[in-house]
Every structure is written in structure tokens, then in C-alpha cells.
Amino acid sequence: MSLSLDEGQEELRRLVRGFLDDKAMMHRPPPSGTRPEEPEEYDGDIWRQLSGELGLTGLAVPERYGGIGLGPAELGVVLEEMGRALCPSPYFATVALAGQTLARCGNTAAQERWLPGIASGTLTATLATTEPDGSWETDVLTTTAEPRAGGWSLTGTKSYVVDGHTAGLLLVTARCPDGVGVFAVPDTAPGMTRTVLDALDPTRPLARIRLDATPATRIGTGDASEPLAAVHDLVRAAVAAEQVGGAAACLDMAVAHARTREQFGRPIGSFQAVKHKCAQLLVEVECARSAARFAGSVVGTPGTEAAIAAGVARAYCSEAFTHAAKENIQIHGGIGFTWEHRAHLYLRRAKSSELLFGTPREERARLARLTRLIVAGGTRP
């Protein structure tokens, strides 16, 4: 199969890149009077343009709910460009996390209630599944859900929730009497406390969510472990696409600097050591892009192929992005270590995304378990 973009996808890529370049988001200095580690609130004007003028929030939402009805491959094109620009918006949390969870929950009432708001950009949302141990696995959930009059009550703590402090809707995973459930919690729900975490990456705010008998609405019935596994594969593919964009931006910055920075009367890019670094980064970025695009092309259909492709893409793209970010700083030399230069922001994003959704080592361990099950004639874990 071809991993090149078709005409429509290429036009989408040009549209998003042109918009982000015009906003020059990755050139903005830190806000006056703030500490470097303080997360910025997202820009409401940019968000309204992303959702209203460009319609990107409805990209992967079915047409019957006000969206465009495209799939993970097109979402990957957008996220690659957003990763390239380190776009400071709740797009990833709203569209890739919450939106994909709702679209695949199989609950028409929940979809009719919340997907139109996501598609129009009037509702921001996120998925809160990780707990203080950092694991995305549903078999270690400690947050509990108890039936109550007219709904459910949630008690527990969720950590590392992307844009959890500003989301208008939180989709929370919890253990209930019949297995694992997904519950909708509005931002005004009583008994919920949201705290911004002191995170490595200032361009991607994380929050801790404490739930104390918080009322919630269950999405769907029965054990949601299998649908959540499919959602996690979609998330892996989405993160991989974003990481490819970040790695490609690091390569572009490194090459541009190597062409213009001179030492001993010649550009540093003419030195063999720097040439080798740039060449190696090019190979890694292109391999990462191939892995991410293949994952995006198959995760729309849940199954073994999707699980393997998403895991491989996550593991490879995580390491490729981190390596590219480090080499970019190395090639830039002293200026690359300063707060004023944006190179360090890419390293922060690289390490954050590498750890947030499961480390490469954990992904490879999961792939090994899945492979053993396939060989034994079983199903995915």
C-alpha cells in the first residue's frame, strides 16, 4: 500500500501548515511575568479559528453529528502539523482523546449530546483514564463507580489528564460492578477538584482530577475494556503522528542552522560530523513518518493489525522524536540550551509524550505479549 498522502490529504496538510505558520505560534516568547514551567491557557481566538473557519474540530466526527466524517489518517495529517508547530490548543485532548472515545462508545444518546459541541468547537473535552501510577491499562483502575439515584457516583484520583483543568467535559474511566465503565463528568460537577500539575512540557498542560462522590453519567453499558483498547490504539497512532511532526521540525531547524552558522570560515553543515547527524535524523524521521501513517491507515478498524501497527508506531516515533530534539539542541550549540530559543520546547514535548502514553519499553512489552497470544491462537490482551 502507498503511504503517500492523496490529493485531499495533501491539501489538508497545506491548509493546516499555512494557518499555523501564519500564526507563528512556535515563535511566541513566554508570557511576561510567568515562570517558564507555568502552562499557558490556550488562545481562544486561535481555537475559534481552528473550529469555525477551518472546521478541524469536526474532522473525525461523523457527519450526522455535525462533523466532516473523515478518519484517523486525516486526523494524523492535522496532528503531524500541530506537532510541528507545538500548537497550544486543546485540540488533541478534545478531538483525539474525547472525540474518538465518544465516536466509538456505541452510545447514540451520548454521541447526540456531546459530539455536536466537539464538532463545532463550543465544547472542549478530555479523557481521564491514567491514575497516579501513570498506567493506561484498565485492569489496574482504582477509581470506583457506584450506582446512585438517577446515575452514578465516582470516587478516586486521575492524574496526567491532558488539558484537564480547562475541559468542559471529562470522560472518566472507573471500575464498576460489571467491569470497566466510561463516565461523563461536566466541569461543574460537585465533588470534583482540578489541579494543574507542574509538568515538564509547558505547551501541554496536565491536571490532577480528584473525585469525591462526584455525580456522573455512564456512557454505554457492560464492560468497556474492549472498546477502550481500540480507543487506546487510536490514541497511540495520534500521538505518533504528532511526534513525527515534532521530529521533522527539529530536523528542519537543525539543517537551517547548520547551513547558516559558520565556524572557521565555513558553515558547520560542511563538517562531516554534522552532516552525519543530519543524515541520520532524516532517515529516522522518514521511518517514523511511514510507521505513523501506516498506523493511521489501519487503526480505524479495531483488531490485531491495528494493535500491532499502533504499538510499533508509538515505540519508534517516541524514540525518533526524542533523538531528533536532542540532536537539534546539540547542533545549535549554546543557543540551543537557552529559554529564548524554542529548541528546548521540542525536547520537553518529546519527553512528555514519550512517557505520558506509555514508554517505548512498555509498548514493546505489550507487543511481545500480543505476539505470544497470536502465536498461541488467542486474542489481544
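Contact here means heavy atoms within 4.5 Å. The model is predicted, so that local features need pLDDT of at least 70 and side-chain atom pairs count only at pLDDT 80 or more, while totals for chains, interfaces and linings use all residues. Residues are numbered from 1 along each chain as its sequence is written, and side-chain values use heavy atoms, with hydrogens and water left out.

**Exercise 1. Describe the surroundings of Ala167.**

Step 1. Locate the residue: Ala167 lies in the loop between β3 (151-162) and β4 (169-176). Strands are DSSP runs of E with at least two residues, helices are runs of H or I with at least four, and both are numbered from the N terminus.

Step 2. Buried means under 20% relative accessible area, exposed over 50%, and partly exposed in between (1.4 Å probe, protein chains only).

Step 3. List the partners: apart from neighbours within four places in sequence, Ala167 contacts Thr124, Ala125, Thr126, Asp187 and Arg194. Asp187 is 20 residues from Ala167 in sequence, and their C-alpha atoms are 6.8 Å apart.

**Exercise 2. Describe the setting of Glu242.**

Step 1. Glu242 belongs to helix α6 (residues 225-260) and is buried, with a relative accessible area of 5%.

Step 2. Beyond residues up to four places away in sequence, Glu242 touches Leu79, Glu80, Gly83, Phe92, Arg204 and Arg349.

Step 3. The side chains of Glu242 and Arg204 are joined by a polar contact of 2.7 Å. Such a contact is a pair of N or O atoms within 3.5 Å; within protein, one must be able to donate a hydrogen and the other to accept it, and residues adjacent in sequence count only if both atoms are side-chain atoms.

**Exercise 3. State which residues line the second largest cavity, and classify them.**

Step 1. A cavity is a set of points, on a 1 Å grid over the protein atoms alone, where a 1.4 Å probe fits but cannot get out; lining residues have an atom within 4 Å of a point.

Step 2. The second largest cavity holds about 40 Å³ of space, and its lining consists of Leu97, Leu127, Ala128, Thr129, Thr130, Trp136, Ser159, Tyr160, Val161, Val162 and Phe357. Two or more lining residues come from each of β1 (125-128) and β3, and β3 gives the largest share, 4 residues.

Step 3. By class, this lining has 8 nonpolar, 3 polar and no charged residues.

Technical notes. On a 1 Å grid over the protein atoms alone, a cavity is a set of points where a 1.4 Å probe fits but cannot get out, and a pocket is an open set with protein on both sides within 12 Å along at least five of seven lines; lining residues have an atom within 4 Å of a point. Grid points are joined across faces, edges and corners, and a volume is the space filled by probe spheres set on the points. Ala, Val, Leu, Ile, Met, Phe, Trp, Tyr, Cys and Pro count as nonpolar, Asp, Glu, Lys and Arg as charged, and the others, Gly among them, as polar.
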